[in-house]
Amino acid sequence: MEGKIRRSFYNAVSGIDGVQGYYLYYNEDISGMPDGFWYSRRNSRYDFTSQPITSVKAYGEKAVNRTKWYYWPLRTKQAQWLEPYVNGNNGVYMITYVMSIFVKGQFVAVVGVDIDFNMLCDVVGAMKVYQDGYGFLFKDWQTVYFHPDAKGVELYFQPRFTVFGDGDLLHRSATESCLVHYDYQGVSMALAFTTLRNGMKLAITAPEREIYAGRRTMIFLVLAITVVVGLGSTLLAVKAAGRIVRPLQAIGEAARRMGRGEYDHHLADTGHDEISSLARHMNDTMERMRNYVGAMQKQAYQDELTSVKNVAAYDRKVYDLNQKISAGQAAFAVVMVDLNQLKEVNDRFGHEKGNIALQTLCRAVCRLYKHSPVYRIGGDEFVVILEGEDYDNRDALFQKVQAFERIRDLKASQPWTQLAASVGMAVYDQTCDAVYQAVFNQADTKMYEQKKHLAPRS
């Protein structure tokens, strides 16, 4: 029987690159001694050779690098992939697929296949995206299994990432149509990933300047063509009549505006001559560019559920406010709004009703603060940054938003439609607030103090 198992194993794995070894190990409590088989090879050019079996009990469960393959599936009772590790028996950096075998509830044996993890790293390391893009393997920002910069450095290389936005995507199985934006070694990067069968995330990443180079190229080509056409038309216009110089100047100005990313200045195209035709084409081009750029910005900076601005947009706003504070030009207030009892709504009525509660509160806040950006910075937390007209009327507006301060009546009909929140406001004071975070902390503290005063009904 064991011979048949050996042959089945060999036939299954001998033709697969990267397989380092395979084994069957019987439960020592039944066999009374180390028993089974273990075959390994140095690399794919060599055939498998039998290796001596050592007792797992001689090392114990704490010797993870030597016995994890045995004790881990025994404890979990599930077939699974082990995270990459250096095997203490042969010194190979590998990943292992293991399965515990039970007969009528009795643990009988462990079977497994070892795969050379360096081979998998070589495959991922050979990936190229754009000019400077590459692939890497990770679980989260704290656990990176392979990164091209780790070659020749150390086994457990830990690159430092700074997530700029959409960090929640890391908890999904794949980014699908979205991108995760982050900073690595001073370069703005974006990545997409999918989760492999062994639980690792395979990421494809590239500098943002390369990803969006097509958009810049389009703008440059449109600008270049427009300038060339404008220059040619200008020469003809000078020869033909002075009356067409002014429209050409407008076209040239429109081209310069497009170069600066401004697409809202439309040209007059009431005539039927070549200049009016060119103006119509320019207007059409600007409209297409405006829609294209607007769609990209909306996707990048809008919260999908509530349609207000997301954390990425909030981070940029905080950066701008800190610049104004440094320049002595800041005048703003921060309003914190926290939805009350979102967890209770989710638990009792489902997450769909919790989403309705978030959307209902968000719409009410946006109606009050018509001239201020609203940001969703957490699951149930919103921030409103008041400037301009809303800043001047901040006290009157805050009295209105304080009307939302209540505990939700979960026994009422459709409690998820009630406006129930805790709020707090703080105003920037240039004499004591050195950075934006100081103002935010004050508003956040006031909001939580108010939340403590609200006692839920039994």
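Trainee: What should I know about the model before starting?
Mentor: It is a predicted model, in which local features need pLDDT of at least 70 and side-chain atom pairs count only at pLDDT 80 or more, while totals for chains, interfaces and linings use all residues. Residues are numbered from 1 along each chain as its sequence is written, and side-chain values use heavy atoms, with hydrogens and water left out.

Trainee: What is the strand order in the open sheet of six strands?
Mentor: The order is S3-S2-S1-S6-S5-S4, with antiparallel pairing. Strands are DSSP E runs of at least two residues and helices are H or I runs of at least four, numbered from the N terminus; two strands pair if DSSP finds at least two bridges between them.

Trainee: And which strands are at the edges?
Mentor: Strand S3 (49-50) and strand S4 (80-86), each of which pairs on one side only.

Trainee: How many bridges pair S1 with S6?
Mentor: Seven bridges, in the antiparallel sense, between S1 (residues 19-26) and S6 (residues 106-116). Tyrosine 25 has valine 110 as its bridge partner in S6, and glycine 36 as its bridge partner in S2.

Trainee: Why is S1 described as largely enclosed?
Mentor: Seven of its eight residues are buried, so S1 is largely enclosed by the rest of the structure. Buried means under 20% relative accessible area, exposed over 50%, and partly exposed in between, with a 1.4 Å probe and protein chains only.

Trainee: Changing topic, how do the axes of H10 and H11 cross?
Mentor: The axes of H10 (residues 342-349) and H11 (residues 351-368) come within 7 Å and cross at roughly 145°. Axes are lines fitted to C-alpha atoms, for helices over the stretch in contact (heavy atoms within 4.5 Å), and angles run from 0 to 180 degrees between N-to-C directions.

Trainee: How many salt bridges does a search of the whole structure find?
Mentor: Nine, a salt bridge being a side-chain nitrogen of Lys or Arg within 4 Å of a carboxyl oxygen of Asp or Glu. In one of them, lysine 139 meets glutamate 83 at 3.1 Å, N to O. Lysine 139 lies in S7 (residues 134-140) and glutamate 83 in S4, so the pair ties together parts that are 56 residues apart in sequence.

Trainee: Are aspartate 303 and arginine 376 buried or exposed?
Mentor: Both aspartate 303 and arginine 376 are buried. Their side chains meet in a salt bridge of 3.4 Å, N to O.
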